[in-house]
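Visitor: I would like to learn how to read a model like this one. Could you take me through it feature by feature?

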Amino acid sequence: MSITWSTTPAAIRVGAIAAILGFVLTIESTSSRTINGRLAECSYTNYGALLLGAIAIVAGLVGVAMAAKSTENRGVLTAIAAVTVAIGVLHVLRGIGSVGGPCNV
């Protein structure tokens, strides 16, 4: 049986949507201080990436559990859910400024 949007478990769909939106929705806060022209302090948070990353992680983990119980397309559903979790982790790292952001230049 092939996988369609309507046959994919809801948790995986929610996780996938959150993972995709995490790349485009940004609610940022940046604070920096320079001394003698050099960056001395920098703080950056992307609340959109943090929120959507957390949603993608939780939904992806639920999706992994649901895929494990599935009788059809178990491997594909597990892979999609695992990728959703990985992208969620990336978004959380982006959200706290560990990956990308103006403080990592």
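Visitor: Where does threonine 8 lie, and is threonine 8 buried or exposed?

Guide: Threonine 8 sits in the segment before α1; helices (H or I, at least four residues) and strands (E, at least two) are DSSP runs, numbered from the N terminus. Buried means under 20% relative accessible area, exposed over 50%, and partly exposed in between, with a 1.4 Å probe and protein chains only. Threonine 8 has a relative accessible area of 10%, so it is buried. Contact means heavy atoms within 4.5 Å. Apart from neighbours within four places in sequence, threonine 8 is in contact with Ile3, Arg13 and Leu77.

Visitor: What should I keep in mind about the model itself?

Guide: It is a predicted model: local features need pLDDT of at least 70, side-chain atom pairs count only at pLDDT 80 or more, and totals for chains, interfaces and linings use all residues. Residues are numbered from 1 along each chain as its sequence is written, and side-chain values use heavy atoms, leaving out hydrogens and water.

Visitor: How do I describe a helix pair?

Guide: Two packed helices are described by the angle between their axes and the distance between the axes. Axes are lines fitted to C-alpha atoms, for helices over the stretch in contact, and angles run from 0 to 180 degrees between N-to-C directions. Here α1 (residues 10-21) packs with α3 (residues 74-95) at about 35°, and their axes are 9 Å apart.

Visitor: Which residues of α1 and α3 meet?

Guide: From α1 come Ile12, Gly15, Ala16, Ala18 and Ala19, and these meet Leu77, Ile80, Ala81, Thr84, Ile87 and His91 of α3.

Visitor: What about valine 85?

Guide: Valine 85 is also part of helix α3. Its relative accessible area is 16%, so valine 85 is buried. Beyond its neighbours within four places in sequence, valine 85 is in contact with Ala56, Ile57, Gly60 and Leu61. Valine 85 and alanine 59 are 26 residues apart in sequence, yet 7.9 Å apart in space, C-alpha to C-alpha.

Visitor: And in what order do the elements of the chain run?

Guide: From the N terminus on, the order is α-β-β-α-α. The radius of gyration, taken over C-alpha atoms, is compared with a globule rule of 2.2 Å times the number of residues to the power 0.38. For this chain of 105 residues the rule gives 13 Å, but the radius of gyration is 17 Å, well over that, so the chain is more spread out than a compact globule. The C-alpha trace spans about 65 × 20 × 15 Å along its principal axes.
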